[in-house]
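Student: Could you take me through one part of this model in detail? I would like a close look at a single interface.

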There are 4 protein chains.
Amino acid sequence: MRKLGAAILGATGAVGQRFIQLLDNHPWFRVREVIGSHRSAGKTYAEAAHWILNDNPPAAVAGLAVKALDDPINSPLIFSALPKEAAMTRELELADAGHVVCSNASANRMLPDVPLLLPEVNAEHIGLVDVQRRQRGWTSGALIANSNCTVMPVVMALKPLLKYGLRRLHLVSEQALSGAGYPGVASMDMIDNIIPFVPGDEQKMEIESRKMLGYFDGEVIQTLDMVVSATCTRVPVLDGHLVNISVELDEGPALSSIVDDWRTWQAADPIPRLPSAPEYPLQYLEHIDRPQPRRDRDAGRGMMTSIGRLRACPILGYKFAALSHNTVRGAAGCSIMNAELLATQGYIEGFQVAEAARVT
Amino acid sequence: MRKLGAAILGATGAVGQRFIQLLDNHPWFRVREVIGSHRSAGKTYAEAAHWILNDNPPAAVAGLAVKALDDPINSPLIFSALPKEAAMTRELELADAGHVVCSNASANRMLPDVPLLLPEVNAEHIGLVDVQRRQRGWTSGALIANSNCTVMPVVMALKPLLKYGLRRLHLVSEQALSGAGYPGVASMDMIDNIIPFVPGDEQKMEIESRKMLGYFDGEVIQTLDMVVSATCTRVPVLDGHLVNISVELDEGPALSSIVDDWRTWQAADPIPRLPSAPEYPLQYLEHIDRPQPRRDRDAGRGMMTSIGRLRACPILGYKFAALSHNTVRGAAGCSIMNAELLATQGYIEGFQVAEAARVT
Amino acid sequence: MRKLGAAILGATGAVGQRFIQLLDNHPWFRVREVIGSHRSAGKTYAEAAHWILNDNPPAAVAGLAVKALDDPINSPLIFSALPKEAAMTRELELADAGHVVCSNASANRMLPDVPLLLPEVNAEHIGLVDVQRRQRGWTSGALIANSNCTVMPVVMALKPLLKYGLRRLHLVSEQALSGAGYPGVASMDMIDNIIPFVPGDEQKMEIESRKMLGYFDGEVIQTLDMVVSATCTRVPVLDGHLVNISVELDEGPALSSIVDDWRTWQAADPIPRLPSAPEYPLQYLEHIDRPQPRRDRDAGRGMMTSIGRLRACPILGYKFAALSHNTVRGAAGCSIMNAELLATQGYIEGFQVAEAARVT
Amino acid sequence: MRKLGAAILGATGAVGQRFIQLLDNHPWFRVREVIGSHRSAGKTYAEAAHWILNDNPPAAVAGLAVKALDDPINSPLIFSALPKEAAMTRELELADAGHVVCSNASANRMLPDVPLLLPEVNAEHIGLVDVQRRQRGWTSGALIANSNCTVMPVVMALKPLLKYGLRRLHLVSEQALSGAGYPGVASMDMIDNIIPFVPGDEQKMEIESRKMLGYFDGEVIQTLDMVVSATCTRVPVLDGHLVNISVELDEGPALSSIVDDWRTWQAADPIPRLPSAPEYPLQYLEHIDRPQPRRDRDAGRGMMTSIGRLRACPILGYKFAALSHNTVRGAAGCSIMNAELLATQGYIEGFQVAEAARVT
């Protein structure tokens, strides 16, 4: 099976680097183009990128010449880690030009025909790609977004509870530094300190969660009718967003039933067999002091959501903590898994996932 | 004016050290006895204490010989930083022996005749000392507690809102390390990490807040009829507990009215003139990313509560963040201020606060 | 090939846990017994150990019953993560009883017949096992130690320079928290702070480095005649000891020659093919701000030493920085690799490493 | 006594803020002008400055309008916290225009006629101001620099040892984040990490220390003939640079003599009576794990240097650790104290320090 070439927009930034790290040795996709700022253009990736992850950039990418944002792109598949302003028009242009664009940018997330795709939660939203193509006259192109990184652990944990009726949701996050990009938060703001505010994230949590858990009626997403109150704070943790969640349900399941729901929950085939998918996307931790960002963020190679501390909430009924790796499951890893799902569903023209590959 | 001699129980621990630091050069009180474990007894304080605050122990205390817990105590006034188990019987014995005991321990906080005193919030609860003396047959002795350190910023911020009717309260704390004592939390648990659980504190927040905001009817405290849901987490911050608070009120005041309430709020005389009292106990910070533990914990020499981010909560109506220094206002500083209030009200036998001193 | 059963002494501590993590899925060895304190004895490992590494204990070990230190041990191979006092006599007893004991404890390191083995540096010191067996009347038993975790990056980096003549060595370390065990250093000592002292380590660096780089004459180790001055400090880093090294050589090689020496350096066969060995044990990093503990400690699955910043020292001639993962290469990983070397050299009775296994 | 008006160049940056904080309620000087970037010009200081120190900007400065760098300045006294490039010509222009400029910038430090003034170390270097005025034709103007913040604890600690003959000096620093300004080091580089390199500082330590300890012959500074080897590293500490120092002396004093030298050491009058001066500029700490940045940086209101761990060095003879607050004694505080010394010596035209003020 020949690997599909992929381009990374915003390749030198924090999420761009995570894309490159996660795509190293990916069974289906191969990074063939890296796109950066005008300042980076022309340099090799190793020269242009101040690599902030562990070790060094993968050898296969280190030598690629960085392209500028308006240079032509050859790869059918594009992963976007662009800043919001740059993403807004460029992603649509590239989809219009026939590319499948899987974006981590917030710019186009709330367009009515752009799915906020999270395979284990709302795989059926992929149908918006058909709407997109019909309405915009695109043939091979598509634009698929993933959600804000703090929304991710929330909707992952709530999905199995949807059947009980989600009524009200109170969220207080403790978010990692990598969510702010690089250089992001100054160290002088974060040693011996926390910051009780993360620009823009509270609104995203209140809006995106309702879209992601919404119902696709064949034309549009009917957002979930749920009241959400979010508070977002920044803590001195490198990776891993933890959210303290209180939730009110229509029904009153036993705590043990909810734990069972989480432990046994799996999306339909082929999702658990996608290369980036963990077999079970959720784990419930018994220890009363878990999940912890450093110890649990890498579960399932950063793609699992860890839940703990389920107990009664005197106000809303239930409360618990949920945690995901914010630049893996919450950003690059989710985009890649979205592309994997698109590939298996035939949305990437000319690219066929071999049956054998799909099953392994 | 001659200073009143004071003894510190648990003098070598984290809160004990804070007592000693705050009492250095106190205008009314002077540390005359330090009580530690049997292992420390007989050594000088400088030898016995592994001093964890800045600089070194004050010279006036460094040379005192540490007494054992069951040694006789001469000082009329006692500050207790004992661990819970040690506090339970010893504090009552000492009060029974005629000492005024101001305790930071949780052991006896919920006894019906022990006030959970916070001068700006419930100075009238001091009347429980009369109940105590009558019921227990004490003459000069008394036992006064201060609350859990995380409860402190909550009740401080809520006190001016009491007039609007407090109905439901949802709390998520981000607590500093010094709240766990010394050595307390291992550094290997706290670098690049948070812990979503603090043993015992959630229950204390739910119980103590209702007692502190309750009504003293002359005999007992009628606890406030308010539903409280608390989640407590530990973050890598040295001092300063921040609490994310959502609150439901009977009335619907404008946000600006609430800010005004906080800014202008003062307790009745003589409380704002007590040596440890800030003139205004609350400050509201306009900057959207405040309060922050490191930058705001020392406001008013650690005795002010800083509030910020007041905004609408889609679920409970109002939400905001409040912060206090947990070992000053939340522990030793509050105990000392409680003793100051007791002194001005004539509860410390044979000790008269000079009018001049009181006014300065 | 049947795996050799191994026992872990001090299995619930910080280094004990690292042994268990690194031996999970080891191709030759399998953890069959875990030995802890009397308090842990009888519980399952999962119950007894407060697991401080990421995720949870490996399933294969979680269910093992913890034995007490004086319970009989069946495994031919023993890894010791005992505290110094406990190690002193127990390790010798177990070697006397016929076990091959690979120890990370400092207790017996400087015994004249105990090798301080680091395969890439002094594989020939393994001959001390023959001396040991002859002098002590042991047949199958042996006691092999690995060095202090801070000495490790120093001797690894100096080994290729030995040919130039090592004369004087000035060391200033910046050591990670895991080197102090768990709970080890209190978080209140390490947030916004460093500690300019690590008990015992300066002396170990001055003594152990000279033994490790010494010459085995068939009977004893002739320690290297080199003057060493060490300063050890503790920094708020989880894993990875960095040492700032200045060195005086007899000869005056060019800086580029030294870099070449490091980059090409390999121990003799079969060492580079041992399961835990990196192909090249040293890497020289060009970036002027490397090595960094967090970004470089996991190189070669924690078994490589990273070096950077080689430049002239106006006093001693050369200076540079070297870094190793202190609980992998500097502790458990080194012990395991020592056992692998012993196995290939026939020192573990009844255990034959299949040629095929050895070559892979 | 009327206070002298002072202007702060680079007032909104990290060191500029420290100037403003330290000059609040200064007995002799008063901040009257704040100069920032063109982007800040016209705004009030409170609007323009992202205040990073504790609490908020002093009220007296918060309302001042920020001036642009080329706006005319009225204050006779100027404190410069400019970046290097901006400082290079502007500081000389302002001195030429008659201002006394006390600069923390590195730009002009090594000009032969600019003193690197540190009152307790080289007060006599102030004579260079006469050379300056004569050679450059300045009448009231002057340019005085203070050294790099890491050099400061080194020369402070070495000054009393000068009498033993300083021969060779080996330095390894562990430097705080505030030394890199704001935003400075990214938090993603500093959590669970250290950086073994600080741009430019090693060279400054090797050069500036020799100038500061040099001899002023009435015309130029004869730099000290001492070999210096420096390694500079960055650690996750907010304030306080610690330097591990090994030193070779001509003579061989007893360790106890050196400790005595440090403890009793005082500069000549009026230096110990300057408003910013500690009575004794050095303290030797007995505890083996001191000095520590967080616990000792504020000694003497940040103006003392703390020393500890004096012991024999097998290579150079003596080794110890020294620590100063890098933005107080190492930057703004030193500049202010330099200005105080200039004032007492009559170098600030038209400003007379009242004798009474000087003595208090």
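Tutor: Happy to! Let's look at where chain A meets chain B: the contact (heavy atoms within 4.5 Å) draws 47 residues from chain A and 47 residues from chain B. Please keep in mind that this is a predicted model, in which local features need pLDDT of at least 70 and side-chain atom pairs count only at pLDDT 80 or more, while totals for chains, interfaces and linings use all residues. Residues are numbered from 1 along each chain as its sequence is written, chains are lettered from A and ligands numbered from 1 in the order in which they are written, and side-chain values use heavy atoms, with hydrogens and water left out.

Together the two chains bury about 3800 Å², 54% of it on carbon and sulfur atoms; buried area is the accessible area (1.4 Å probe) that two parts lose on being put together, summed over both. Ten salt bridges cross this interface, each a side-chain nitrogen of Lys or Arg within 4 Å of a carboxyl oxygen of Asp or Glu. One such pairing joins B:Arg297 to A:Asp192, at 2.7 Å from N to O.

On the side of chain A that touches chain B, the elements giving two or more residues include β7 (166-175), α9 (201-212), β10 (227-234) and β13 (305-313) of chain A. Helices (H or I, at least four residues) and strands (E, at least two) are DSSP runs, numbered from the N terminus. β10(A) gives the most to that side, with seven residues. By type, the residues of the side of chain A that touches chain B are 24 nonpolar (Ala, Val, Leu, Ile, Met, Phe, Trp, Tyr, Cys and Pro), 15 charged (Asp, Glu, Lys and Arg) and eight polar (the others, Gly among them).
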